[in-house]
Amino acid sequence: MRVALLLLPLLLAACKEEPKFEDRFDKASKEIDARAKAMDADIAAADKAAKDAGEGEPKALPPAAAPSNAPESSGE
């Protein structure tokens, strides 16, 4: 009986009403926006660091290799 009386407040606290969809949506939307802004800031900082290091312009590709011609088949 004492255990039940001790656990009653915990059980009542656990039965709290679930937040409404709109509230959960707003919270998730704000978290996503914050993460997106942080990622944009990280990308901008990385781009700036790359430009400062002299990596701003892409390097040219080497010239294309000549095609190799395989010997003709004897048909056997």
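Biologist: How many salt bridges does the count come to?
Modeller: The count comes to two salt bridges, a salt bridge being a side-chain nitrogen of Lys or Arg within 4 Å of a carboxyl oxygen of Asp or Glu. This is a predicted model, in which local features need pLDDT of at least 70 and side-chain atom pairs count only at pLDDT 80 or more, while totals for chains, interfaces and linings use all residues. Residues are numbered from 1 along each chain as its sequence is written, and side-chain values use heavy atoms, with hydrogens and water left out.

Biologist: Which side chain does Arg-24 meet in a salt bridge?
Modeller: Arg-24 pairs with Glu-18, at 2.8 Å from N to O. Arg-24 is partly exposed, at 38% relative accessible area, whereas Glu-18 is exposed, at 56%. Here buried means under 20% relative accessible area, exposed over 50%, and partly exposed in between, with a 1.4 Å probe and protein chains only.

Biologist: And what about Lys-48?
Modeller: The side chain of Lys-48 forms a salt bridge with that of Asp-52, at 3.1 Å from N to O. Lys-48 and Asp-52 lie four residues apart in helix H2, so about one helical turn separates them. Lys-48 and Asp-52 are both exposed.

Biologist: How many residues does H2 have, and how far does it reach?
Modeller: Helix H2 covers residues 21-52, has 32 residues and reaches 46 Å from its first C-alpha to its last, close to the 46 Å expected. The expected span is 1.5 Å times one less than the number of residues. After H2 comes Gly-54, whose phi is positive, near 90°.

Biologist: Changing topic, how many helices and strands are in the chain?
Modeller: The protein chain has two helices and zero strands; these are DSSP runs, helices being H or I of at least four residues and strands E of at least two, numbered from the N terminus. Of its 76 residues, 0% count as buried.
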